[in-house]
Amino acid sequence: IGQSQDALVGGLPEGAPGGRKARERKLEVKMEASSCSAAAVGNGDVGSQRDMSLVPERLQRREQDRQLEVEKRKQKRQNQEVEEEKSDFFTAAFARERAAVEELLEGGESVQRLEEAASRLQGLQKLLNDSVLFLAAYDLRQGQETLARLQAALAERRQELQPKKRFAFKNRRKDGASSTKVDAAPGAPAAESILASPLPLKEEGGFGSSWVCGFSNLESQVLEKKADELHQRDVLLTELSDCTIKLYGNPNTLRLTKARSCKLLCGPVSTSVFLEDCSDCVLAVACQQLRIHSTRDTRIFLQVISRAIVEDCSGIQFAPYTWTYPGMDKDFEGSGLDRSKNNWNDVHDFNWLARDVASPNWSILPEEERKIQWD
């Protein structure tokens with residue numbers, strides 16, 4: 001019982017016969033066990049080394065991902081701060097210029113003051129156009145409504161300073177109305193209708209009661225106005241059907257309403273173009289701002305500085321502005337439009353709020369459908 005475990009090999013005492021061989025066998029077993037243990041430890045070391053080499057790489061990737069996420073959040077926060085700063089700057093600058101224009105219009109008893117108001121109003125329009133990308137839809141609409149109101153006030157003040165004889169059109173309008181009745185043959189000589197009766201000052205779209213020219217209540221006519229007739233005037237086209245209208249020159253604003261199957265070609269408009277309640281028309285216009293309301297199935301060849309805006313529309317197609325005529329370069333210079341900037345395919349639909357899905361109310365006109373005979 002007092003014998004040690006080492007003295008027993010296979011149940012034989014140390015001094016028993018065959019005990020020596022047993023001891024030798026025991027030593028061999030121990031050596032094999034040591035060898036296996038060493039091999040196992042060696043293999044474990046290799047695995048541990050492999051694991052140790054992999055752990056820093058995983059940690060490094062995780063740290064890189066964390067740093068990227070931190071940088072993204074930082075950039076997003078900075079962008080938001082920049083947009084807020086831009087918005088604050090716009091609000092302050094717009095309010096300051098608006099007040100200056102209103103002051104000029106209130107005391108506008110001279111042509112010089114009105115021209116200064118018109119110049120500052122054009123700068124105000126440019127400020128709004130340049131801020132479209134970061135302005136909220138509500139702020140953009142408020143700015144547009146303010147500009148429309150100021151344009152109407154400017155037009156009204158201009159009328160007050162004009163000699164009354166310039167607007168004594170009653171007899172001529174009556175004669176002109178009888179000579180431009182509907183059902184004229186297509187391709188007939190150009191007919192003209194000067195709008196003598198003042199437009200309502202509160203009419204939607206912001207046009208004033210004066211300084212307005214254009215055409216109204218005509219069908220199947222070819223209508224034209226030259227540069228000297230249009231220069232910095234407000235153009236109103238309404239109640240037209242199957243007409244071709246060519247406006248050579250540089251108007252201040254342009255409005256087309258209640259047009260059916262018409263083709264409108266217009267030179268550079270210094271400020272805004274408004275379309276309302278039109279259908280099956282083709283237009284070529286260049287302007288600072290385009291606003292389209294309640295219009296359908298219309299193709300627009302466009303050059304615009306700010307984003308075009310559609311509302312309550314369907315089937316509107318856009319393509320780049322391609323109309324040309326002699327003297328257009330001079331008209332562009334006078335309009336203040338930058339010909340190198342054209343956001344013809346950047347359109348905002350007030351009726352479509354999903355940013356990740358394209359609006360179904362407008363589209364890009366395919367290139368194969370852009371070949372149109374303007375003349």
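Start by selecting Asp 312, which lies in the loop between strand 11 (308-311) and strand 12 (314-320). Strands here (E, at least two residues) and helices (H or I, at least four) are DSSP runs, numbered from the N terminus. This is a predicted model: local features need pLDDT of at least 70, side-chain atom pairs count only at pLDDT 80 or more, and totals for chains, interfaces and linings use all residues. Residues are numbered from 1 along each chain as its sequence is written, and side-chain values use heavy atoms, with hydrogens and water left out.

**Two aspartates**

Stay on Asp 312. Its phi is near 55°, a positive value in a residue other than glycine. Is Asp 312 buried or exposed, or partly exposed? Asp 312 has a relative accessible area of 44%, so it is partly exposed. The cut-offs are under 20% relative accessible area for buried, over 50% for exposed, and partly exposed in between, with a 1.4 Å probe and protein chains only.

Next, select Asp 297. Look for it in strand 10 (residues 296-304). Asp 297 is not a glycine, yet it has a positive phi of about 50°. Its relative accessibility is 39%, so Asp 297 counts as partly exposed.

**A buried serine**

Ser 279 counts as buried because its relative accessibility is 4%. Which residues does Ser 279 contact, leaving aside its neighbours within four places in sequence? They are Ala 259, Arg 260, Ser 261, Arg 296, Asp 297 and Thr 298. Contact means heavy atoms within 4.5 Å.

**The aromatic cluster**

Now show the rings. Rings of Phe, Tyr and Trp (its six-membered ring) pair if their centres lie within 6.5 Å; planes under 30 degrees apart count as stacked, over 60 as edge-to-face and the rest as tilted. By this rule there are five aromatic pairs. Select Tyr 248 and Tyr 325. Their ring centres are 5.3 Å apart and their planes stand at 85°, so this pair is edge-to-face. Tyr 248 lies in the loop between strand 4 (244-247) and strand 5 (253-260), and Tyr 325 in the loop between strand 12 and helix 6 (328-335), so the pair ties together parts that are 77 residues apart in sequence.

Ring pairs link Tyr 248, Trp 323 and Tyr 325 into a cluster. Tyr 248 is buried, at 18% relative accessible area. Tyr 325 is buried too, at 9% relative accessibility, and so is Trp 323.

**Charges over rings**

Move to Phe 332. The charged end of Arg 339 sits over its ring, 4.1 Å from the centre. Then select Phe 215: Lys 225 lies over the face of this ring, at 5.1 Å from the ring centre. A charge sits over a ring if NZ of Lys or CZ of Arg is within 6 Å of the ring centre and within 35 degrees of the ring normal.

Finish in cartoon view. Seven strands form an open sheet in the order 1-3-5-7-9-11-13, with parallel pairing. At the edges are strand 1 (212-219) and strand 13 (347-349), each pairing on one side only. Two strands pair if DSSP finds at least two bridges between them. Strand 11 and strand 13 have three bridges, in the parallel sense. Last stop: select Ala 308, whose bridge partner in strand 13 is Val 347.
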